[in-house]
Amino acid sequence: SLSVCVCVCVCILLKCSYCKSKAYLSGGNRMKIAIDLKRMKRKKELRKHIASLKTQLCTSTMRKLQSAKILAALEAHPAFRAANTILLYHSLGDEVDTHTFIKKWSSEKRILLPVVVGDDLELRIYTGPDDMTTGSYGIEEPTGEVFTDYAAIDLIAVPGVAFDRKGNRLGRGKGYYDRLLPRIPSACKAGICFPFQLVEEVPAESFDIRMDIIITTNENELSHPYHPLPSCDRE
Ligand code: ADP
Ligand code: MG
C-alpha cells in the first residue's frame, strides 16, 4: 500500500507541474514566443543580407563618395541647420563615414558622441581628435565631459544596419539605441544609411524606436505617415 501511495503522490506532482507549465505557456503566450522567435530570425537574416550587400557594393572608394553625399544631405536638412546640439556617431569601417564630418562641425555646433558603458550609451562632448580613446567594439569615443542635459539635444544621427520607409530601424542586435532614444524624446532622430540599407520592411518590436527621417542618397529625405516631423520643423 506504501508503493501505491508513493505512486499516487508522484502522479499528482507530475500532473501539477504539467498543468503549471501549460498554464505558463498558455495560448497567447505560446503564440507570442513563436512570433518573437520568428521576428528575431528575420532580423538576423536581414543583418546577414545587408552584410553581404556591403561586401558586394561598398568598396572603400564607393563608401567615401557615398558617405560625402549622404552627409551633404544631412547638413542641408533644416533640422540639422537649426540644431545647436547634435549627437553624432563615430563610424566603424562599414558605416557611413562620419570622421571628417565630426571635426568639420565641432567648431560650429556642440557635437556629442556615444560612449559604451555596460549595456548603455553614455554621451560625451567631442572636444577634438586628440581627446579620443578606443572603447568597446573598437569604437572611438571622446574622453571629454559627460553630457546629461538630454533635453538640450536637438538632433540625433542614428547609425543602423537597415531602415524602412516607416522609420523602423534594425541595429547590430544589442539594442543600445533602443535604450538611449527614449531618454531623448524631444530630439529629431535621423537614420543615416547607404541606399541599399533602405529596405522594404524592417521587422519591428515594441521596444524598437522609430526614426523621424532617413537620410541617404537618391532620396533627400523620407518621412513617414505615422510619425510626421514636428520636431524637425524648427527652423
Ligand atoms: P537592435 O536594435 O540593435 O537591432 P534589437 O532591437 O533586436 O537590437 O534589441 C536587442 C535586444 O536588446 C532585445 O532582444 C532586447 O532584449 C534588448 N532591448 C531592446 N530594447 C530594449 C529596452 N528598451 N529595454 C531593455 N532591453 C531592450
Ligand atoms: Mg532595435
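In strand β9, C188, A190 and I192 point one way and K189 and G191 the other way, and all are buried. Buried here means under 20% relative accessible area, exposed over 50%, and partly exposed in between, with a 1.4 Å probe and protein chains only. Strands (E, at least two residues) and helices (H or I, at least four) are DSSP runs numbered from the N terminus. In a regular strand the side chains alternate between the two faces of the sheet. Since 5 of the 5 residues of β9 are buried, the strand is largely enclosed by the rest of the structure.

This is a predicted model, in which local features need pLDDT of at least 70 and side-chain atom pairs count only at pLDDT 80 or more, while totals for chains, interfaces and linings use all residues. Residues are numbered from 1 along each chain as its sequence is written, chains are lettered from A and ligands numbered from 1 in the order in which they are written, and side-chain values use heavy atoms, with hydrogens and water left out.

Two strands pair if DSSP finds at least two bridges between them. Strand β6 (residues 155–159) runs parallel to β9 and is joined to it by 5 bridges; I156 has K189 as its bridge partner in β9. The pairing of β9 with β10 is also parallel, over 3 bridges, and there G191 stands opposite I214. Another pairing, between β2 (residues 110–117) and β3 (residues 120–125), is antiparallel and has 6 bridges. One of its pairs is P114 with L123 of β3. This hairpin has 2 residues between the strands, and G118 takes a positive phi near 65 degrees.

The next feature is a metal site. D178 (OD) and D208 (OD) coordinate the magnesium ion (ligand 2) at 2.0 to 2.1 Å. The two residues come from distant parts of the chain, 30 residues apart: D178 is in helix α6 (residues 176–180), and D208 is in the loop between β9 (188–192) and β10 (213–215). D178 is buried, with a relative accessible area of 14%, and D208 is buried at 13%. Donors are N, O and S atoms within 2.8 Å of the metal (3.2 Å for Na, K and Ca); water is not among the atoms, so sites may look incomplete.

Side chains of opposite charge can pair when their charged atoms come close. A salt bridge is a side-chain nitrogen of Lys or Arg within 4 Å of a carboxyl oxygen of Asp or Glu, and the whole structure has 14 of them. K32 and D36 form one, at 3.1 Å from N to O. These two are 4 residues apart in helix α2 (residues 27–57), so about one helical turn separates them. D36 is partly exposed, with a relative accessible area of 23%.

K43 and E205 also meet in a salt bridge, at 2.5 Å from N to O. This pair links distant parts of the chain, with K43 in helix α2 and E205 in the loop between β9 and β10, 162 residues apart. K43 is buried at 8% relative accessible area, and E205 counts as buried at 14%.

In a further salt bridge, the closest N and O atoms of R172 and E95 are 3.1 Å apart. R172 lies in the loop between β8 (169–170) and α6, and E95 in the loop between β1 (85–87) and α5 (99–105), so the pair ties together parts that are 77 residues apart in sequence. R172 is partly exposed at 46% relative accessibility, whereas E95 is buried at 12%. Salt bridges with shared partners join K54, D94, E95 and R172 into one network.

On a 1 Å grid over the protein atoms alone, a cavity is a set of points where a 1.4 Å probe fits but cannot get out, and a pocket is an open set with protein on both sides within 12 Å along at least five of seven lines; lining residues have an atom within 4 Å of a point. Grid points are joined across faces, edges and corners, and a volume is the space filled by probe spheres set on the points.

The largest pocket has a volume of about 710 Å³. It is lined by 34 residues, of which R169, R172, G173, K174 and Y176 are the closest to its centre. Helix α2 gives the largest share of this lining, 5 residues. The second largest pocket holds about 220 Å³, and its largest share of lining, 6 residues, comes from α3.
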